[in-house]
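Reader: I would like to learn how to read a model like this one, feature by feature. Can we take it in short steps?

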Amino acid sequence: MATNAAGRKPETQLARVRRARKMNRILAETYPDAHCELDFTNPLELLVATILSAQCTDKRVNMVTPILFAKYPSVADYAAADRSEMEEIIRSTGFFRAKTNSIIGMAQAICERHGGEVPSRLRDLVKLPGVGRKTANVVLGNAFDVPGLTVDTHFQRLVRRFGWTDETDPVKIEHIVGELLPKREWTIFSHRVIWHGRRICHARRPACGVCPLAALCPSYGTGPMAAAEAAKLVRNGPFS
């Protein structure tokens with residue numbers, strides 16, 4: 001077997017599976033309370049909140065959605081919404097005109113194609129305006145208990161740092177990671193990774209020196225390795 005540039009043998013698929021599953025177990029121990037940080041009580045609310053979360057923090061979305069959910073309690077209400085009123089409510093989430101178009105279009109499509117009920121199949125969700133695979137998997141995993149991997153920016157960054165893939169295409173990443181972990185773990189693993197990305201494995205300066213995955217991560221050393229310095233980078237709160 002050929003060696004890589006660092007003089008080490010390349011990792012076999014079996015070895016990568018074993019390492020990935022061990023990393024998942026460590027993340028489970030580190031973040032036992034990991035969950036979706038968007039507030040919702042039903043599939044429709046989660047679908048709307050996830051659309052709003054694009055280029056916006058969960059914290060900001062959660063500040064907006066109580067007003068939005070109260071004003072539009074059903075799919076039909078969103079479908080018939082006054083555009084300017086909705087834009088004003090969601091303005092602070094950014095890209096509010098595009099998000100309004102997506103939410104109203106999504107609701108109208110659900111009314112026309114699905115009798116006013118949010119569909120519970122990936123192939124139906126991704127055909128709705130403003131709904132891609134990431135959004136669909138968030139809804140499936142957290143509102144319908146259908147396992148799915150949420151390949152957001154945190155997820156993409158971390159699985160590449162973990163050395164699980166070099167891919168940049170979200171769909172390819174989803175399939176590659178899906179082969180490394182049991183399907184039943186997909187949804188909760190997504191939360192664990194997102195929590196880790198928000199709290200320790202930051203984009204610019206990851207807190208490598210206090211990372212529980214350090215011994216298994218080929219990117220160890222990307223950020224400060226001294227524990228005292230790394231500890232200062234840890235964010236204990238959600239939503240970043």
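Predicted model: local features only at pLDDT ≥ 70, side-chain atom pairs only at ≥ 80, totals over all residues.

Reader: Is T150 buried or exposed?

Author: Compare its relative accessibility with the cut-off. Buried means under 20%. T150 has 9%, so it counts as buried.

Reader: Which residues is T150 in contact with, leaving aside neighbours within four places in sequence?

Author: They are K134, N137, V138, F155, S190 and I194.

Reader: Now a helix. Which residues of α10 are buried?

Author: Helix α10 covers residues 170–178, and I173, E174, V177 and G178 are buried there. Then look down the axis. The buried residues of α10 fall within an arc of 125°, so they line one face of the helix.

Reader: What covers the buried residues of α10?

Author: The cover includes α8 (133–143), α9 (153–161) and α11 (186–199).

Reader: And what is found at the start of α10?

Author: Look for a side chain reaching to a backbone atom. A side-chain oxygen of D169 comes to within 3.2 Å of the backbone nitrogen of V171.

Reader: Let me try the helix reading on α5. Which of its residues are buried?

Author: Helix α5 spans residues 83–90, with M86, E87, I89 and I90 buried. These residues cover an arc of only 160° around the axis, which puts them on the same side of α5.

Reader: What do the buried residues of α5 pack against?

Author: They pack against α2 (43–52), α3 (58–71), α4 (75–79) and α6 (96–114).

Reader: Next, rings. How many aromatic pairs does a search of the whole structure find?

Author: Five. For a pair, read the centre distance and the angle between planes. W164 and F189 are 5.5 Å centre to centre, with 15° between the planes, and the pair is stacked. Planes under 30 degrees apart count as stacked.

Reader: Where do W164 and F189 lie?

Author: W164 is in the loop between α9 and α10, and F189 is in helix α11, so the pair ties together parts that are 25 residues apart in sequence. W164 counts as buried at 3% relative accessibility. F189 is buried too, with a relative accessible area of 0%. Ring pairs also link F155, F162, W164 and F189 into a cluster. Recall F155: T150 is in contact with it.

Reader: What lies over the face of W195?

Author: R199 does, at 3.9 Å from the ring centre.

Reader: Which residues have a positive phi without being glycine?

Author: Q55 is one case, with phi near 55°. Q55 sits in the loop between α2 and α3, and at 69% relative accessibility it counts as exposed. D145 is another case, also with phi near 55°. D145 is in the loop between α8 and α9, and it counts as exposed at 69% relative accessibility.

Reader: How far apart in space are T41 and P10?

Author: T41 and P10 are 31 residues apart in sequence and 46 Å apart, C-alpha to C-alpha. T41 is in the loop between α1 (13–30) and α2. T41 is exposed, with a relative accessible area of 67%.

Reader: Last, the record. What does UniProt list for residues 52–199?

Author: An unreviewed UniProt entry lists "domain: HhH-GPD" there. Over residues 52–199 the chain is 64% helix and 0% strand. The end C-alpha atoms of that stretch are 22 Å apart.

Conventions:
Residues numbered from 1 in each chain as written. Heavy atoms only, no water. Buried < 20%, exposed > 50% of the residue type's maximum accessible area, 1.4 Å probe, protein only. Helix = DSSP H or I, 4+ residues; strand = E, 2+ residues; numbered from the N terminus. Arc of directions from axis to C-beta. Contact = heavy atoms within 4.5 Å. Polar contact = N/O pair within 3.5 Å; in protein donor to acceptor, adjacent residues only side chain to side chain. Phe/Tyr/Trp six-rings, centres within 6.5 Å; stacked < 30°, edge-to-face > 60°. Lys NZ or Arg CZ within 6 Å of the ring centre and 35° of its normal. UniProt positions renumbered as here; feature names shortened; annotations may be inferred.
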